[in-house]
Amino acid sequence: MLPTLKDYNFQGKRILVRCDFNVPINDGKILDNFKLQKSLPTIKYLKEKGAKIILLSHLNQPKENQREKYSLKPIALEIEKLLSEKVKFIKECLGQNPKKEIKKMSDGEILLLENLRFEKGEKENDEKFSQALAELGEAYVNDAFAVCHRKHASVVLLPKFLPHFIGFQLEEEIKILSHLLQNFERPFSIIIGGVKVESKTKVIKKFLEFADHLLFGGEIANVFLRVKKICLAKPWPGKNICKIIEELDLTNLKIHLPVDVLVSPDETGKIYIKETGVGNIKKEEEGFDIGTDTINLFSEIIKESKTVIWAGPLGYFENERFNQGTKKIAEAIAQQKEKLFSLVGGGDTVFALNKFNLRDKFDCVSTGGGAMLEFLAGEKLPGLEVLKK
Ligand code: 3PG
């Protein structure tokens with residue numbers, strides 16, 4: 001059993017709340033606020049209970065020179081709007097300034113610290129970094145299911161130093177996913193796309209044991225095609241990823257790869273776009289969406305399915321020239337609404353569905369993409385394991 005928010009008296013206490021505010025953002029403009037909305041019930045509850053609320057999150061995977069691009073400042077403004085409450089933003093997550101500001105907080109106040117991944121201690125899972133963070137609070141709440149598969153300091157070390165609890169969002173996601181695992185109907189299909197390939201390749205072997213169909217699009221499909229030497233275009237996947245894929249039985253009939261794709265020399269699609277069989281992709285081209293035959297093939301499988309899980313867009317949907325694969329597959333699922341159970345997860349996939357106005361056609365929506373797949377594959381998520389202790 002994981003300790004919940006009802007198990008603690010938060011009155012007057014400084015509470016560190018690990019959220020997942022990793023939203024699509026461009027030039028400081030938030031393109032989809034789904035994850036922010038999901039964090040509101042916990043924040044509101046803690047406010048009601050008189051806690052001093054210190055919000056923590058990462059945004060993207062920032063490089064050294066991307067502090068401005070991936071600052072959490074716009075997130076503070078958006079949460080402020082959604083809550084109609086002041087949210088103070090502190091442009092560091094460690095040091096004298098956060099300490100000083102936190103000391104001044106009154107009960108019920110909300111404060112957001114800067115992107116945790118600006119400090120290398122976060123991803124390096126550094127003990128000193130998490131200890132310094134822990135000193136800012138008196139208890140810890142994890143409400144970030146989407147990041148529970150990462151062994152990062154604020155996820156797996158921080159709770160070791162403080163009384164810890166799960167937030168409402170995390171509690172709900174675990175409940176839904178656990179229920180699904182025990183009750184799904186067959187045929188059971190899993191659609192995997194998106195750009196974060198490594199965490200997704202890890203779970204394929206497990207899914208091959210209990211799912212009926214695995215449908216691949218997006219970057220992970222490109223990686224399969226390269227490893228199978230069907231497509232020789234760059235970039236070549238890393239050794240780790242190749243090894244995992246090579247160890248799979250790629251003749252397994254449960255695996256469905258694209259048979260055709262939209263290719264272009266670059267992601268703008270302005271030079272040219274061509275629909276081609278996957279065997280005819282030139283070295284200088286890259287696949288940016290699945291093609292018509294693949295859409296038809298995948299749609300047929302969806303039609304026959306009773307349960308469909310989906311993580312990761314099937315193409316570079318942010319560019320309208322390459323959004324048809326993702327859109328048509330979303331429509332194929334939506335058309336079967338009465339006949340199948342659908343679960344979709346991950347910030348980008350949810351953003352795509354919102355763009356196509358199709359999100360409400362899905363039975364359940366998870367904030368996690370990689371985390372959702374790992375959970376469903378029966379992996380122990382380090383961020384959850386530590387909360388059990
Ligand atoms: C997500 O969007 O899947 C989570 O925020 C985790 O992000 P990450 O893949 O950059 O760790």
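Analyst: What follows covers the salt bridges one by one and then turns to the ligand.

This is a predicted model. A search of the whole structure finds 18 salt bridges. Here are some of them.

Start with Glu80 and Lys86. Their side chains meet in a salt bridge, at 3.5 Å from N to O. How exposed is Glu80? Glu80 has a relative accessibility of 21%, so it counts as partly exposed. The cut-off matters here, because buried means under 20%. Lys86 has a relative accessible area of 60%. That makes Lys86 exposed, because exposed means over 50%.

Next comes Asp212 with Arg186. The closest N and O atoms of this salt bridge are 3.1 Å apart. The pair links distant parts of the chain, 26 residues apart. Asp212 sits in the loop between α9 (204-210) and β10 (213-216). Arg186 sits in the loop between α7 (168-183) and β9 (188-192). Asp212 is partly exposed, at 23% relative accessibility. Arg186 is partly exposed too, at 43%.

Now take Asp363 and Lys337. Their side chains form a salt bridge of 3.8 Å, N to O. Asp363 lies in the loop between α14 (347-355) and β17 (364-366). Lys337 lies in the loop between α13 (324-335) and β16 (341-345). The pair therefore ties together parts that are 26 residues apart in sequence. Asp363 is partly exposed, with a relative accessible area of 34%. Lys337 is partly exposed as well, at 31%.

Salt bridges can also join up. Lys88, Glu101 and Lys104 are linked in a network of them.

Now the ligand. Which residues surround the ligand? They are Asp20, Asn22, Lys35, His58, Gln61, Arg117, Ala146, Arg150 and Lys196. This shell divides into five charged residues, three polar and one nonpolar.

In Asp20, a side-chain N or O atom is 2.8 Å from an oxygen atom of the ligand. For His58, a polar side-chain atom lies 3.1 Å from a ligand oxygen. For Arg117, the distance from a polar side-chain atom to an oxygen of the ligand is 2.8 Å. How much of the ligand does the protein bury? Taken alone, the ligand exposes 310 Å², and the protein buries 95% of that.

Technical notes. Residues numbered from 1 in each chain as written. Predicted model: local features only at pLDDT ≥ 70, side-chain atom pairs only at ≥ 80, totals over all residues. Heavy atoms only, no water. Salt bridge = Lys/Arg side-chain N within 4 Å of Asp/Glu carboxyl O. Buried < 20%, exposed > 50% of the residue type's maximum accessible area, 1.4 Å probe, protein only. Helix = DSSP H or I, 4+ residues; strand = E, 2+ residues; numbered from the N terminus. Near = heavy atom within 4 Å. Polar contact = N/O pair within 3.5 Å; in protein donor to acceptor, adjacent residues only side chain to side chain. Areas by Shrake-Rupley, 256 points an atom, 1.4 Å probe, with all protein chains shown as cover. Nonpolar A, V, L, I, M, F, W, Y, C, P; charged D, E, K, R; others polar.
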